Amino acid sequence: MASFSATDACVEGFRVARRHPWSMLVWGLFFVVAMILGFALMGSLGLMSAMTPGAMNPGALNNPANPTAAMTNALKIDAVFLPFSLIATTMLLCAIFRATLRPEDKGVAYLKIGGDELRVFVVVVVMTILGLVAEAVVAGVLMVAVGVVYKANNIAGVLAGVIATVGFVCLAVWVVVRLSLAYAQTFAEKRIRIFGSWALTRGRFWPLFGMYALTALICLGVLIALYIVIIIVMIAGMGPAIASAAQGHTADFSTAGPMVIVALVLAFLVSVVGFSLIYTILYAPQAAAYRQLTAGDKAAEAF
């Protein structure tokens, strides 16, 4: 069985960021532009009005048909924006895998549109659908079972509900971890591998779980650091206006002059790079884990 180091894999995102700093900026800008285009597409189709609180909130109007209208609006938005978002996310995901597993295949900051993206997109869609269906079925069965127990005995029903909830979460985490390398495996092997991850991660649940837990903690630390940097930049750029407001005067941001624009631009760039860094920290470990777990197989093929 190939050796696997969770601590080594969970910092792969920082290695990618160190080797390709400009790619981080391009990835962040790419995603921002993609989201803007997505909203523009919804606007051209007349769906922006469906995003207003009144259109999305079933209780906003005293109209019996309003809940149906709200659901219809939500479905319309999802039908347009979700595929657009998934395509952009898949391209970014493949760019991270490409920078990790095939750094010589540069493209435009490792961003491409091709067979890799198509295969990973198929896996993303299938995994999303399977996850939603499985969640609905298991949650439905558990709710019915807990309801039956609750009718027989209230205390036992509450206890059964707690146990069922904990069990459901543990089961979901176990399945997600076991299937978590499907994207990286599909990308690396150039064929759709939805359940191949199941065999690849056999006997590796706890190391992989530890990798994801460490990755989540790292992302939390990076997110906090980013917020602090953004706040410092904004305060530095808008210091005079903030000081005026603190003295009880009306905040006049014009007194800050061009520093406001500089602060806003810097805050935007920090946010963009921070987003791509967090995304890379989250997904590069999957590629690193796949590389470690298949290192023995590749060495055997070489001989």
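The legends below describe close-up views of a predicted model.

**View 1. Phe97 and Phe187 form a tilted aromatic pair.**
A search of the whole structure finds eight aromatic pairs, and this view shows the one made by Phe97 and Phe187. The ring centres of these two residues are 5.9 Å apart and their planes stand at 50°, so the pair counts as tilted. Because Phe97 belongs to helix H5 (residues 66-101) and Phe187 to helix H8 (residues 182-189), the pair ties together parts that are 90 residues apart in sequence. Both Phe97 and Phe187 are buried.

**View 2. Tyr279 and Tyr283 pair within helix H12.**
The rings of Tyr279 and Tyr283 form a tilted aromatic pair, with 4.8 Å from centre to centre and 40° between the planes. Both residues lie in helix H12 (residues 258-293), where they are four residues apart, which is about one turn of the helix. Tyr279 has a relative accessibility of 11% and therefore counts as buried, whereas Tyr283, at 22%, counts as partly exposed. Ring pairs also link these two tyrosines with Phe31 and Phe275 into a cluster.

**View 3. The charged end of Arg178 sits over the ring of Trp198.**
This view is centred on Arg178 and Trp198. The distance from the charged end of Arg178 to the centre of the Trp198 ring is 4.2 Å.

**View 4. Helix H6 spans residues 115-152.**
Helix H6 has 38 residues, and from its first C-alpha to its last it reaches 56 Å, which is close to the 56 Å expected at 1.5 Å a residue. The buried residues of H6 include Asp116 and Glu117, and among the others that are buried in this helix are Val120, Val123, Val124, Met127 and Val146.

Note on methods:
Residues numbered from 1 in each chain as written. Predicted model: local features only at pLDDT ≥ 70, side-chain atom pairs only at ≥ 80, totals over all residues. Heavy atoms only, no water. Phe/Tyr/Trp six-rings, centres within 6.5 Å; stacked < 30°, edge-to-face > 60°. Helix = DSSP H or I, 4+ residues; strand = E, 2+ residues; numbered from the N terminus. Buried < 20%, exposed > 50% of the residue type's maximum accessible area, 1.4 Å probe, protein only. Lys NZ or Arg CZ within 6 Å of the ring centre and 35° of its normal. Expected span 1.5 Å × (residues − 1).
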